[in-house]
Amino acid sequence: MILAKNDLLKKRYLEILKSVYENVLDENALAAAIKKQHDLIQEAVKEDKLMEYSYEEFEKNSSTTLGDKLDPGAYYPGLLEFVHDRHESVAKQLSAFGNEK
């Protein structure tokens, strides 16, 4: 792995990853943005005559995964759950490199 052999590159990578963790993957800010978009489109979703999923599924999928995680064709990650999982993944990567979160 290139990062293991290049301290300068590793340092820069970790700086960027930590910045993403702290600034981009802010779960509260992303939850607020998801809610804002949800509220913006929910009436249109209710009225959509061509929707492939129920309004209840739309509501649930804002936060919770629908379907089977083991079946990619039937798996719809919930937005808040997806954000949380990405946040945790980056935290684990930072910890693996011995970097404080």
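Gln93 sits in helix H5 of this predicted model, where local features need pLDDT of at least 70, side-chain atom pairs count only at pLDDT 80 or more, and totals for chains, interfaces and linings use all residues. Numbering runs from 1 along each chain as its sequence is written, and side-chain values use heavy atoms, with hydrogens and water left out. Helices here are DSSP runs of H or I with at least four residues, numbered from the N terminus. With 30% relative accessibility, Gln93 counts as partly exposed (buried is under 20% relative accessible area, exposed over 50%, partly exposed in between, with a 1.4 Å probe and protein chains only).

Leaving aside residues up to four places away in sequence, Gln93 touches Tyr13 and Leu17 (contact means heavy atoms within 4.5 Å). The side chains of Gln93 and Tyr13 are also joined by a polar contact of 3.4 Å (a pair of N or O atoms within 3.5 Å; within protein, one must be able to donate a hydrogen and the other to accept it, and residues adjacent in sequence count only if both atoms are side-chain atoms). Lys18 is 75 residues from Gln93 in sequence, yet their C-alpha atoms are 9.7 Å apart.

As for helix H2, its buried residues pack against helix H5 (79-96). Leu14, Leu17 and Tyr21 are buried in H2. These residues cover an arc of only 65° around the axis, so they fall on the same side of H2 (the arc is taken from the directions from the helix axis to the C-beta atoms). Exposed Leu8, Lys11, Asn23 and Val24 lie on the face of H2 turned away from its buried side.

Technical notes. Helices (H or I, at least four residues) and strands (E, at least two) are DSSP runs, numbered from the N terminus.
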